[in-house]
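Open the model in a viewer with residue selection and distance tools at hand. The stops below go from the whole chain to single side chains.

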Amino acid sequence: MNEGISLEELQLAARNHGMPLEALRYAITPVGLHYLLIHYDVPVVEPESWRLSVRGERELVLDLDELRARPAVELAVTMECAGNGRAKLEPRPVSQPWLLEAVGTARWRGTPLRPLLEEAGMGDAVEVLFTGLDRGVEGGEEQAFQRALPLEDALRDEVLLAYEMNGAPLPPQHGFPLRLVVPGWYGMTNVKWLERIELLDEPFAGFQNVMGYRLRQTEDEEGDPLSRMQPRSLLIPPGIPEFMTRDRTASAGQVLLQGRAWSGIAPVDAVEVSADGGVTWAPAELEPEGEPWAWRGWSFRWTAEPGEHVLCSRARDEAGNEQPAEPPWNLGGYANNAVQTVRVTVTG
């Protein structure tokens with residue numbers, strides 16, 4: 001059995017928050033409802049003195065006005081924490097105790113990364129390292145939060161240096177004044193409070209790439225690095241909740257079930273819904289395809305009969321990846337995209 005949540009985990013849960021599942025109603029998640037994970041502290045940044053350094057064969061140094069004067073792109077992007085669903089694993093990995101709410105979709109505005117890398121000169125680079133201003137201790141090592149991307153992924157057209165979220169400057173907790181946005185990848189890739197970008201001629205050996213965010217069964221394994229989001233569908237819980245359990249109560253009759261689905265690997269191809277805990281499935285109706293990096297809405301008309309029911313939804317993408325019924329366990333509790341279940345009591 002899982003042990004109780006520790007005080008240390010409660011501290012993490014108080015600092016970080018998920019998106020209430022009823023907020024799936026919004027195609028673009030309001031800033032205050034978007035999920036949030038802060039590894040260390042929110043740094044204090046003075047925009048007048050802040051500069052971004054881009055180091056390749058030469059160094060570029062840009063202030064915020066110079067970045068905003070460059071060609072701009074705006075993208076709606078679904079972002080999910082790699083640990084989403086961690087608290088549902090057994091045995092439960094000890095870390096930020098996410099259930100299913102560590103996700104959100106925002107409209108990010110910024111300038112494409114690729115032209116800056118080209119201007120800095122890429123030489124024989126194989127990776128691009130991104131360093132944030134937030135510092136802390138993890139794995140017994142004092143460090144800034146740093147993540148590296150393979151060069152071919154960093155050069156993709158959709159990768160942005162974002163300075164706006166939902167039409168306003170980035171709020172402090174989401175990386176003011178500048179953050180990286182890598183559509184399709186799990187949230188840890190999207191480094192906040194950017195201060196430095198470096199082109200590397202060998203793979204980055206820092207903690208967050210080599211020790212953190214890897215799929216492995218034991219500490220001794222090298223493991224496989226996390227990258228793109230696995231397919232997932234989430235259901236807007238119908239009816240009304242019981243305060244403690246969040247179990248739902250709904251009235252008998254026609255109930256419109258709705259939700260959203262996404263995959264960072266390939267576009268969502270289908271969503272299915274079950275009202276009997278995954279024994280039988282029926283196809284949901286997908287909304288028309290929208291922006292390529294944002295989740296896709298779906299709906300299903302359920303004839304709810306009095307009694308106890310377990311609702312489920314599962315997504316499949318165009319590459320054939322489908323949510324599993326049972327979560328694959330790993331040491332960090334990452335990429336758990338097992339099918340969601342929602343208990344509903346239908347009253348006559």
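This is a predicted model: local features need pLDDT of at least 70, side-chain atom pairs count only at pLDDT 80 or more; totals for chains, interfaces and linings use all residues.

Residues are numbered from 1 along each chain as its sequence is written, and side-chain values use heavy atoms, with hydrogens and water left out.

Stay with the whole chain for a moment. Along the principal axes, its C-alpha atoms fill a box of roughly 70 × 45 × 35 Å. Of the 348 residues, 52% count as buried (under 20% relative accessible area; exposed is over 50%, partly exposed in between; 1.4 Å probe, protein chains only). Among contacts (heavy atoms within 4.5 Å) with a separation of 6 or more, 73% are between residues 24 or more positions apart.

Next, select helix H3, residues 113-120. Which of its residues are buried? They are Leu113, Leu116, Leu117 and Ala120. These residues cover an arc of only 100° around the axis, which puts them on the same side of H3; the arc is that of the directions from the helix axis to the C-beta atoms. An α-helix has 3.6 residues a turn, so residues three or four places apart point the same way. Step on to Gly121, which follows H3 and has a positive phi, near 90°.

Now show the open sheet of six strands, ordered S14-S15-S22-S21-S17-S18, with mixed pairing. Two strands pair if DSSP finds at least two bridges between them. Strand S14 (240-241) and strand S18 (282-283) stand at the edges with a single partner strand each, so one side of each is left without a neighbour in the sheet.

Within this sheet, pick S22, residues 340-347. Its covered face holds Gln340, Val342, Val344 and Val346, whereas Thr341, Arg343, Thr345 and Thr347 lie on the uncovered one. Strand S15 (residues 248-251) pairs with S22 in the parallel sense over four bridges, and Ala250 stands opposite Val346. Strand S21 (residues 307-317) pairs with S22 in the antiparallel sense over seven bridges.

For another pairing, select strand S16 (residues 253-262) and strand S20 (residues 296-304), which are antiparallel over nine bridges. Gln258 has Ser299 in S20 as its bridge partner. Strand S19 (residues 285-286) also runs antiparallel to S20, joined by two bridges, and Glu285 stands opposite Ser299.

The last stop is Glu272, in strand S17 (residues 268-274). Is Glu272 buried or exposed? Glu272 is buried, with a relative accessible area of 19%. Not counting residues up to four places away in sequence, Glu272 touches several residues, including Trp281, Cys312, Arg314 and Glu322. Draw the distance between the side chains of Glu272 and Arg314: a polar contact of 2.8 Å joins them. A polar contact is a pair of N or O atoms within 3.5 Å; within protein, one must be able to donate a hydrogen and the other to accept it, and residues adjacent in sequence count only if both atoms are side-chain atoms.
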